[in-house]
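Here is a briefing on selected helices of one model. Have the sequence and coordinates to hand.

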Amino acid sequence: MRAAQLYGVRDLRIEELDDPGADDGNVLIDITACGVCPSDVRWYTGGRTGGDYPRRLGHEWVGRVLDTGADVEAFAAGDRVVADWRVVCGECYNCRRGVFNYCSNMGRGGVRGGFCQRGTVIPSNLRVIPGTVSDEEACFTEPLACCINGARKSDIRTGDDVVIVGAGPIGLLHTQLAKHHGARVIVCDRIEARLHKALEVGADDAIRIDEQNAVDAVMEMTEGRGANVIVVAVGVTAAAETALEMAGINATVNLFAGFYPSDPIALDPNLIHYKQINLTGSHDFTPHDFTSALKLIEHGIVDVETLISHRLPLDETAAGFDAVDRREGLKVVIEIAE
Ligand SMILES: [Zn+2]
Ligand SMILES: [Zn+2]
């Protein structure tokens, strides 16, 4: 099979590898599409390094069942499926507390490395894609699952003023989820086209942070109270500091994005103390979030199709990574032919 392999910074090669087999208990899948995640691009640009090379990237993939291991009964050849890459044990301390996204025995199986033609997954980590959902749309199951976990941690209530910092694909998923929680949603970004898209998917207000002081704008929009919830969907430390300044009484500030490189933020403890601010973070998702995400896509509750800006073949995976790195367009999906 053909697969994209990362050898070093911006050195991504398409190579010929052996096909994986459907051994006992596994499902062999013909991969049809894989979304490009900012975390893939972080490895590509050298923001993250380490471990073994060549490295296989891509965890937002979907495909068709090609073959199943002898003891697999739940799936048959031809089924369209999306893979949850987080193989959780269900037995460790965190799993038993329901915090599956921190499973101590997290396995990845063959699920990671979706920029290639074939992969294997254990049946419990597959979901059948409903007939009305395209392969490209199903690629959003994983990022949307992360946002569902994030929305839960953000504690959005009906009538809240919610600020989403960053209108990339993730910020635009958060925007739609916050609307469904019954919030008034304000989105901040510096890219005009992204703010247009935010308004198109339901944001009530948009702030161009290179033209306006975002804190002043939020205060003005909330009659001086500040926001009830701020979701930071960009890994920029200044954005985290700004988010704290926008927060009103009892607000929740959720650092949803990862920060690379990590850099301390300036934090006025009195801001937290006197405003009773709940400062939290959110990371990854649980198996149930994954199921819920696919359901929201199926019923059109979250529109993901509108977020796809690039559909590229496997040979152009590196160009797709470059586009994400330059913040061109929105979501890049690699379409993988047989
Ligand atoms: Zn992802
Ligand atoms: Zn576990």
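This is a predicted model: local features need pLDDT of at least 70, side-chain atom pairs count only at pLDDT 80 or more; totals for chains, interfaces and linings use all residues.

Residues are numbered from 1 along each chain as its sequence is written, while chains are lettered from A and ligands numbered from 1 in written order.

**Packing of α1 and α11**
- Helices (DSSP runs of H or I, at least four residues) and strands (E, at least two) are numbered from the N terminus.
- Helix α1 (residues 38-45) packs on helix α11 (residues 317-325) at about 100°, with the axes 10 Å apart.
- The two helices are therefore roughly perpendicular (angles of 65 to 115 degrees).
- P38, D40, V41, Y44 and T45 of α1 meet F321, V324 and D325 of α11 (contact: C-beta atoms, placed from the backbone, within 7 Å).

**Helix α7**
- A214, A217 and V218 are the buried residues of α7 (residues 214-221) (buried: 20 or more other C-beta atoms within 10 Å of its own; exposed: 12 or fewer).
- Seen down the axis, they fall within an arc of 95°, so they line one face of α7 (the arc is that of directions from the axis to the C-beta atoms).
- D216 and E220 are exposed on the other side of α7.
- The cover over the buried residues of α7 includes β9 (184-189) and α8 (237-246).
- E223 follows α7 and has a positive phi, near 50°.

**Helix α10**
- P287, D289, F290, A293, L294, L296 and I297 are buried in α10.
- These buried residues pack against β5 (80-83), β7 (126-128), α3 (135-138) and α4 (141-154).
- G300 follows α10, with a positive phi near 70°.

Technical notes. Axes are lines fitted to C-alpha atoms, for helices over the stretch in contact, and angles run from 0 to 180 degrees between N-to-C directions. Angles under 35 degrees count as roughly parallel, over 145 as roughly antiparallel, 65 to 115 as roughly perpendicular and the rest as oblique. Two residues are in contact if their C-beta atoms, placed from the backbone, lie within 7 Å.
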